Amino acid sequence: MNQYLKNLNKIEFVVTYACTGRCKHCSEGEHTSCGERIEPQIAADAVRKIAAEYDIKTVMTFGGEPLLYTDAVYAITTAARKLNIPKRQVITNGYFSKNAERIREVAEHLAACGVNDLLLSVDAFHQEIIPLDVVKQFATEARKRGIPIRLQPAWLVSAVDDNPYNVKTREILGSFAEMSLPVGEGNVIFPEGNALKYLSEYFTHTLPENPYVEDPRDVCCVSFSPNGDVLGRNVYERDIMEIIEDYAL
């Protein structure tokens with residue numbers, strides 16, 4: 001076993017950088033590579049191979065907006081469910097279609113393939129573009145099918161700061177009160193991409209820690225990009241276990 005990955009317990013997939021939002025806080029900036037998406041069967045196969053060697057506790061899909069490519073989300077999550085991986089997460093802004101039947105269909109499939117932690121990104125930034133009524137419709141359909149949902153807001157400066165964006169975020173979260181959905185910790189926005197471009201005035205003091213940076217000497221999470229990049233190699237070109245075995249600083 002590679003010494004740098006001895007504590008590996010999580011696999012995550014950026015399904016696509018394509019998104020239904022163009023949020024001011026997005027670390028991916030203007031989504032210039034939004035045409036790429038992870039190949040479903042290669043991704044699912046990677047889950048099976050890694051889980052055969054490591055004690056994986058969590059498999060996550062996110063984006064961009066992952067539910068623009070539900071086939072990948074279904075394949076990855078189904079593989080995780082069949083392997084009895086405890087936590088099977090999807091992070092979504094909840095806006096992938098306006099069609100009520102399509103929304104119901106996706107909720108049904110997510111439940112069937114085993115999603116058991118749905119993190120719904122709602123805050124002042126997402127709701128500048130994304131219609132809240134459609135997001136609530138999706139949340140209602142998902143909850144009907146027994147999928148646990150948490151609201152996952154993005155906070156500017158800190159969760160307790162009273163800047164206008166946070167005030168609006170609290171108002172949006174309050175509009176979900178009748179649904180009794182729990183609110184997760186969310187995340188504090190890090191100055192990268194659009195956040196640095198549009199919100200630089202708020203980053204004049206101590207910067208928050210980048211939540212996405214991991215110690216390269218103790219990799220606990222293997223993260224796949226939409227183009228197949230992982231650990232400095234590419235899963236379309238080499239087997240994932242070879243990539244893991246050869247990983248070095």
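Strand E2 (residues 58-63) and strand E3 (residues 87-92) run parallel, joined by 4 bridges. Thr-58 has Lys-87 as its bridge partner in E3. Helices (H or I, at least four residues) and strands (E, at least two) are DSSP runs, numbered from the N terminus. Two strands pair if DSSP finds at least two bridges between them.

This is a predicted model, where local features need pLDDT of at least 70, side-chain atom pairs count only at pLDDT 80 or more, and totals for chains, interfaces and linings use all residues. Residues are numbered from 1 along each chain as its sequence is written, and side-chain values use heavy atoms, without hydrogens and water.

Now the whole sheet. It is open and has 6 strands, in the order E5-E4-E3-E2-E1-E8, with parallel pairing. Strand E5 (149-151) and strand E8 (221-224) are the edges, each pairing on one side only.

Next comes helix H4 (residues 132-144). Its 13 residues should span 18 Å at 1.5 Å a residue, and its end C-alpha atoms are 18 Å apart, which agrees. The expected span is 1.5 Å times one less than the number of residues. Which residues of H4 are buried? They are Val-134, Val-135, Phe-138, Ala-139, Glu-141 and Ala-142. Buried means under 20% relative accessible area, exposed over 50%, and partly exposed in between (1.4 Å probe, protein chains only). The face turned away from the buried side of H4 carries exposed Asp-133 and Lys-144. Cover for the buried residues of H4 includes E3, helix H3 (100-113), strand E4 (117-120) and E5, where contact means heavy atoms within 4.5 Å. Just after H4, Gly-146 takes a positive phi of about 80 degrees.
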